[in-house]
Amino acid sequence: APWCGHCKSLAPVYEKVAQAYSREGSVVIANLDADAASNKATASKYEVTGFPTLKWFPKGNKDGEDYTGGRSLGDFVSFINEKTGVKRQENGDPDASSGVNEACTAAAKAFVADASAANKKALEGAVAAAGEQFNYYNKVAAKVEAKGAKWVGTEIARLTKTLEGAMAIDKRDGFVLRINVLKAIE
């Protein structure tokens, strides 16, 4: 309700939550003025009797559940990540574990330490077993093979600097995921 002081206080936090998940197609953050005449039927259906009322609608649950957690950005992000399996930080970037695979990381570390044919084959096997979403590990191996192990640190610095500049939001996740993999290997 636009007149509600608690709703007004929550609005900036709620906007940040929506921004944090804006690149996540499986998560929708929505709001509704339950006091507006056009929304009274919806408010009644979901038993909105106070303001703000927060509801969580898991996939397949059209009745929704009352949200009773904290009201900080961190509280909302933790709750949504836990409920959805998504791994977002408060700024919307993927968290540090996103894009990283334990077996691929172990094999890549071995390859960076000793760029032998056996270690390369082990890395390729780990990536094949983990799935194509982890192909970046093979690209890292090719770069390390061509430029040496120091490339990893140089590439982390380059990608980090690139993230600090202006970047299309749809490309940002890819850069963060690459940095995550490189930091795990380093």
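Colleague: How do the residues lining the largest pocket divide into nonpolar, polar and charged?

Modeller: In this predicted model, the lining of the largest pocket consists of 27 nonpolar, 7 polar and 7 charged residues.

Colleague: How many residues line that largest pocket, and which lie nearest its centre?

Modeller: The lining of the largest pocket comprises 41 residues. Those nearest the centre are Tyr14, Ala30, Asn31, Lys55 and Phe57.

Colleague: What is the volume of the largest pocket?

Modeller: The volume of the largest pocket is about 1300 Å³.

Colleague: Let us change topic. What volume does the second largest pocket have?

Modeller: For the second largest pocket, the computed volume is about 160 Å³.

Colleague: Which residues line the second largest pocket?

Modeller: The lining includes the run Glu132, Gln133, Phe134, Asn135, Tyr136 and Tyr137. Gly99, Lys139, Gly174, Leu177, Arg178 and Val181 also belong to the lining of this pocket.

Colleague: Which elements give two or more residues to it?

Modeller: Those elements are the helices α6 (136-147) and α8 (169-185). With 4 residues, α8 provides the largest share of the lining of the second largest pocket.

Colleague: And how do the residues of that lining divide by type?

Modeller: The lining of the second largest pocket has 5 nonpolar, 4 polar and 3 charged residues.

Conventions: Residues numbered from 1 in each chain as written. Predicted model: local features only at pLDDT ≥ 70, side-chain atom pairs only at ≥ 80, totals over all residues. Heavy atoms only, no water. 1 Å grid on protein atoms, 1.4 Å probe; cavity = no way out; pocket = protein on both sides within 12 Å on 5 of 7 lines; lining within 4 Å. Points joined across faces, edges and corners; volume = space filled by probe spheres on them. Nonpolar A, V, L, I, M, F, W, Y, C, P; charged D, E, K, R; others polar.
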